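Colleague: Before we discuss the charged and aromatic contacts, could you put the model on the screen?

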Amino acid sequence: MNMLKQKYQALSEREQRLLLVAAVAIGIAIFYFGAWAPLSNGVEAARSQQQSQQQLLNWVEDKARQARRLRQSSSVGSGFSGSLTQAVNQSTARYNIPVSRLQPQDDELQVWVDEAAFDEVLEWLKALEQMGIVILQVDITEAGTPGMIKIRRLQLGMS
């Protein structure tokens, strides 16, 4: 340390001032690039992420409100009188859905379809929901023919 002090004192007054200014500038640069910039970037990234999460939350809440409205309007709409099995049998005949198996379970009904047209299945499921039948669970896979699907398991219930 003494050696550095001696070298500093050996410099002219102008060189000493220049060295002090350079040391201060280097200190400020180290502080800015080592601490301030990373913290500032982290805060900005957190704000950006928070805004995108807030937008996502608003979107999900809006879609949930829409779903509740649709569910209420469809359950208030055209219901059916009878059992789930009757409703499924009548609607599958109307939409040309070949049901391979029906299995009632308490207040629910499980349905299997070997092969049906995708568009007809969508219309059929929409009609079931309009009748107040709720789709609790569905497992769909594509069939060998383009545009055709298999319903491995469709679980229906009442709303």
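Modeller: Arginine 17 and glutamate 13 form a salt bridge whose closest N and O atoms are 2.9 Å apart, the term being used for a side-chain nitrogen of Lys or Arg within 4 Å of a carboxyl oxygen of Asp or Glu. This is a predicted model, in which local features need pLDDT of at least 70 and side-chain atom pairs count only at pLDDT 80 or more, while totals for chains, interfaces and linings use all residues. Residues are numbered from 1 along each chain as its sequence is written, and side-chain values use heavy atoms, with hydrogens and water left out.

Colleague: What separates arginine 17 and glutamate 13 along helix H2?

Modeller: Helices here are DSSP runs (H or I, at least four residues), numbered from the N terminus. Because arginine 17 and glutamate 13 are four residues apart in helix H2, the separation is about one helical turn.

Colleague: Is glutamate 13 buried or exposed?

Modeller: Buried means under 20% relative accessible area, exposed over 50%, and partly exposed in between, with a 1.4 Å probe and protein chains only. Glutamate 13 has 56% relative accessibility, so the residue counts as exposed.

Colleague: How far apart are the closest N and O atoms of arginine 47 and glutamate 44?

Modeller: Both arginine 47 and glutamate 44 lie in helix H2, three residues apart, and glutamate 44 counts as partly exposed at 47% relative accessibility. The two form a salt bridge, with the closest N and O atoms at a separation of 4.0 Å.

Colleague: How many aromatic pairs does the structure hold, and of which kind?

Modeller: Rings of Phe, Tyr and Trp (its six-membered ring) pair if their centres lie within 6.5 Å, and planes under 30 degrees apart count as stacked, over 60 as edge-to-face and the rest as tilted. The structure holds one aromatic pair. Tyrosine 32 and phenylalanine 33 form this pair, at 5.0 Å centre to centre and with 85 degrees between the planes, which is edge-to-face.

Definitions and conventions. Helices (H or I, at least four residues) and strands (E, at least two) are DSSP runs, numbered from the N terminus.
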